Structures are given as structure tokens and as C-alpha cells.
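Subject: Structure handover

Dear colleague,

I am passing on the structure we spoke about, and my notes on it follow below. Please read them with the coordinates open beside you.

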Amino acid sequence: MSGIEAVKVIVDAEKEAARIVEDAQNKATQIRKGIDSRIQEERQQALDSAKKEAATIVQHAEEEGKVEAANVTKESEKQVQELVTRASASKDAAVNKLVSIILEEK
Amino acid sequence: MSETSMFTEDILSAARAKAQSIISDAEAELQRATQEAKATISKEAGDIIRNAQSEAEAIKRRQVSEARHLSKLHEQGEKNRILLEVLERTRKRVIEATKREATYLPYLTVQIENGIRELGYDTAVIHLNATDLKGINRASIEKDAAKHLGKSVKVEWASEPIETIGGAVISSVDAKTRIVNTLDQKFEALESTLLMEAGKTLFVT
């Protein structure tokens, strides 16, 4: 190889080296540019999933609440019915008592 | 291998190493940023779930609380209905009692005596309802009142009837002072006592 040929080979190698580095820098730039969108994508996925789970939690609570409320109403109806039955049996006694209070009040 | 070839190989190796380093740095940066973001995202997602759990508890509490409140209103409504019925029956029984002279005359006499005593004048005007004005034994009342009052009080009977189910209004001659001892007044004055006593009998177990 002549001296001129050797210089040409070296110049070509340096050009190739510069291209390799430039390619790498371009790729790095692309990677960095993608950081925000990748994070946004992951965030969106995580939040969508959390919102879906949250909606399920709330929906279950509404269903459970309805069942509990219905139980409370049913139990209360029973207690009110018992109260009415007991009170109805005491109406005459109550009337007698009130009549006495009115007529015996000085 | 010639010296030139070795030299160019060194140049390319160095370039490849630098390229690798550049890409590794970028990937590390990506990794670091992603990890940091994951912590924030995880906290955001956790907040959403925790808020939902709090909301869920509040929803359940509210539904149960509303059911309890409505039940309480229903119970109170039933109690009121029964109390009003008892008060109405009491009123009817008292009205019936005014038709039985054996019960009513002593009662009316006491009310008139008390009124005269409270009025404190030598002359008292007695006002009765139309039924009592016609049917009641006024002489008996005057006689008993004179006996129990222990002093001589002139009793006059107003000719105009008053609107009441029973009892009497005792007034001064000029009508400026009036003692209201009617049954209507007693019902009104004793309402809270009547409701309380009826409640004790009806609802206290």
C-alpha cells in the first residue's frame, strides 16, 4: 500500500467512525425524546386501571349499601310493627290515665 | 495485519465504544426517568384507589344512615298517630263524662270553687256552656262552693253560654278579670303532660 492509499484508508475510517458516533447520538436523541411519551403512556395505563378499579369499588359499595339499608329498613319495620302491636294493647290504659289527669287536675 | 489496518481498526473500535456509551447513557436516563415516574404514577393510582375506598365507605354510611333516618321518621309517625288517636279518644271520653252528672257535677263544682278562690272577689260571675247552663244543678254548686270556700261569695250565672266542652269561666262582674277553668283550657295546658304520660304507658316497655 502506498502512502497515499494508506492516508485514504485512514480518512475513510475516520469518516466511518464519525458516522457511527453520529448514528449513536441520533439514536440517543430518539431515546430521550421517547422518555416523556413512554412515561405518559405508562401513567395513562396505570391511571386508567386505577380508575376502573375505583369504579368497581364504588359500585360494590353502592350495592352493599343498598343491601344493608334494606336490612335496616326491614328490621325497623319489624320493630315498628311490634311497637304498634304493644302500644295498641295499651291504648285503653293510656286513655284511662289521661282522663284521670284531666278530670282530677285541680 | 498492516499497521494501517490496525490503526483504522483502533479508530473504528473507539467510535463503536463511544457510540455504545452514548446509547447506554440515554438508556440509563430512560430507565431512571421511568423509575422515578413509576413512583409518582403509583402514588397517583394509590390516591385514586384510596379516594374510591373513602367514597365507598361514605356511600355505604349514607345509604344506611338514610335508611335509619327514614325508619326513625316512620316510627315517629306511627307513635304520633297512636298518640293523637289516644288524645282524641280521651277527649271523647271526657265529653262523655260531662254527660254523667255523678262524675261531672263534683268536677265542675271544684273548678268553680277554685276559680272563685283565685278570683278573690266578693262577687263572681260563672260562665258555662249551653248544655250546662240548662241542665246543671246550680243550687248544689252554690251550696257546696259556699261550704268549701269558708266565706260568703255572691255567685251570679251569666246568661250567655260560652263555647267549651265543659268546665267554667269565672269572672269579675266587670269581666276584666277572668279565670278560665274550662276543659278545653285544661287539654291545652296539659297537652305536654298528656303526651308524656300517654307515651310512658304506650311505648315504655
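Read along the sequence, chain B of this predicted model runs α-α-β-α-α-β-β-β-α-α, a secondary structure of six helices and four strands. Its radius of gyration is 47 Å, whereas the globule rule gives 17 Å for 205 residues, so chain B is more spread out than a compact globule. In keeping with this, the C-alpha trace of chain B spans about 155 × 35 × 30 Å along its principal axes, and 25% of the 205 residues of the chain count as buried. Of the contacts in chain B between residues at least 6 apart in sequence, 73% join residues at least 24 apart.

The domain assignment divides chain B into domain 1 (1-98) and domain 2 (102-196), and the C-alpha centres of these two domains of chain B lie 74 Å apart. Where they touch, seven residues of domain 1 of chain B are in contact with eight residues of domain 2 of chain B; on the domain 1 side, these residues divide into five nonpolar, one polar and one charged.

As for the partner chain, the contact between the two takes 63 residues from chain B and 58 residues from chain A. On the side of chain B that touches chain A, helices H1 (3-98), H2 (101-119), H5 (183-189) and H6 (191-203) of chain B each supply at least two residues, and H1(B) gives the most, with 47 residues. By class, that side of chain B has 34 nonpolar, 13 polar and 16 charged residues.

With best wishes

Methods:
Residues numbered from 1 in each chain as written. Chains lettered and ligands numbered in written order. Predicted model: local features only at pLDDT ≥ 70, side-chain atom pairs only at ≥ 80, totals over all residues. Domains from an automatic or database assignment. Nonpolar A, V, L, I, M, F, W, Y, C, P; charged D, E, K, R; others polar. Rg over C-alpha atoms; globule rule 2.2 N^0.38 Å. Buried ≥ 20, exposed ≤ 12 C-beta atoms within 10 Å, placed from the backbone.
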